[in-house]
Amino acid sequence: MKKIFLSISIAAAAFGFTSCYDAIFYNIRTEVPLEDGVINGYINSIVRYQEPDGTEFLYLQNGNVYYKQISDDTDNLTKNQNHDKWTKDSSAPEGISYSYFDQKFSGTYSCKLASDSKYVYLLGATPEYDESSSRNILKNFKLYCYSKESGWQSVEAVNEILGYYESTLDDDKYMMDSSIQLFCTNTPQNAHRKAYIRIGGGSPYYSWMSDKQTYGSDFTVKDGVMNCGIIELNGTDTDIANVVPLGDGKIGTLEKTGAGKDTTSAVYANNTVYFLDYLASSTNETKNKEADYIYLGNGKTLYWFETASVSSVTALDAEPVGKSTGCAADILSMCVTNDSIILGTYEEGAYRVKTDSGKPETSTSDFTTNADSVMYNPYIVRMLFCTDPSLGETDDGSALYSAIQFRYTESSASASYKNVGLWSYYKARGNWNKE
């Protein structure tokens, strides 16, 4: 199985993409006139942020940071459901630029976002050109936080640990031995939004450092190896001593859950944060309803179980866990609507599983939109997002987002760089189109 993870190696690889002609998009271009893409590039995250007055925003990154307001309050999340409504955040850390005179980059490349009930978090880095490998390498990782009251600020306590971590890595491995994960619960209910960063640990391209690391209660460095750990974020007041205990947030006795070296996502349910070693995970929480199902993607299969059954979950292939099959590649992303779950995969586009009161069907079903003409082989569906999970997939007021990319060059992948970026579905447009 291919190693698929959102880590520094993936972020660094983004700088190597080039592009040309893509035949598969002929179908969508003949069906739906394409809008001009406004949000292009490599997008790993859309997160929710609520201002103190209850106004809801979405934030995304594509090297820079963009936002848009989606409500004037928490009751109606349908504001700005039109093309070209995103605004570049000029107050965010300045984007990257290159000086031909100095022959170096400056500024911050925005790699990933997360959010909690008070802040938006940005993990950024600056590329450096490495002559020995003839490649641009993301280095000098920094974490920033944003609030309406304070604007963007550096999270210095975390950045000190990030600096220590980078200093322990092997220069000859070009940051491909690093693993930094920024993730959050991203729930519709603001009170349930929690954000975390894992520094060190599993799934880098080169595992020589992670194999030596121990999940610790602090970030002690011994013999050139730093403990890895997960920190709950709290803006500039983040306490690096507050490392999430090993195994905290475990689901029954299910393997690959609970805080640890390989954690990549988290969900909120039962007044608890559950930590998962799966990139794609979610619940069916809405702005007015608690979650009663947890969903996770493992390999090509969607697994699910009721939140009331968490303590009884012992294995993915045993009761009370259900499963849905039909994906042709590993699941990387998902979004949940009131009547379906959309699954994004690695190089095989997107798939749809219908649900009834949160319970998924056991196999995938055809889309009723043009989604399979947008999210299709050879495209990687890196991110999926549903603004209001209380609405059905194609209900009035529904707003869905997808970010797609591809590997290698355009000619070798039969893909096009102009299709890389953000796509959206709004009921008023009736189909998926460029955002």
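Let's start at S265, which sits in strand 16 (residues 265-269); strands here are DSSP runs of type E with at least two residues, numbered from the N terminus. The model is predicted, so local features need pLDDT of at least 70 and side-chain atom pairs count only at pLDDT 80 or more, while totals for chains, interfaces and linings use all residues. Residues are numbered from 1 along each chain as its sequence is written, and side-chain values use heavy atoms, leaving out hydrogens and water.

**Around S265**

- S265 counts as buried because its relative accessibility is 6%, and buried means under 20% relative accessible area (1.4 Å probe, protein chains only).
- Leaving aside neighbours within four places in sequence, S265 is in contact (heavy atoms within 4.5 Å) with residues including F183, Y274 and S281.

- Strand 2 (residues 56-61) is largely enclosed by the rest of the structure, because 6 of its 6 residues are buried.
- From strand 2, E56, L58 and L60 point one way, and F57, Y59 and Q61 point the other way.
- In general, side chains in a regular strand alternate between the two faces of the sheet.
- Strand 1 (residues 46-50) runs antiparallel to strand 2, joined by 5 bridges; two strands pair if DSSP finds at least two bridges between them. Here Y49 stands opposite F57.
- In the hairpin of strand 1 and strand 2, with 5 residues between the strands, G54 takes a positive phi near 95°.
- On to strand 3 (residues 65-69): 5 bridges join it to strand 2, and the two run antiparallel. F57 stands opposite Q69 in strand 3.
- In the hairpin of strand 2 and strand 3, with 3 residues between the strands, G63 takes a positive phi near 105°.

**Aromatic rings**

- The whole structure holds 20 aromatic pairs. Rings of Phe, Tyr and Trp (its six-membered ring) pair if their centres lie within 6.5 Å; planes under 30 degrees apart count as stacked, over 60 as edge-to-face and the rest as tilted.
- Y401 and Y426 form an edge-to-face pair, because their ring centres are 6.0 Å apart and their planes lie at 80°.
- Y401 belongs to strand 27 (residues 399-405) and Y426 to strand 28 (residues 421-426), so the pair ties together parts 25 residues apart in sequence. Both Y401 and Y426 are buried.
- One aromatic cluster is formed by Y49, F57, Y59, Y67, Y146 and W152.

Definitions and conventions
Helices (H or I, at least four residues) and strands (E, at least two) are DSSP runs, numbered from the N terminus. Buried means under 20% relative accessible area, exposed over 50%, partly exposed in between (1.4 Å probe, protein chains only).
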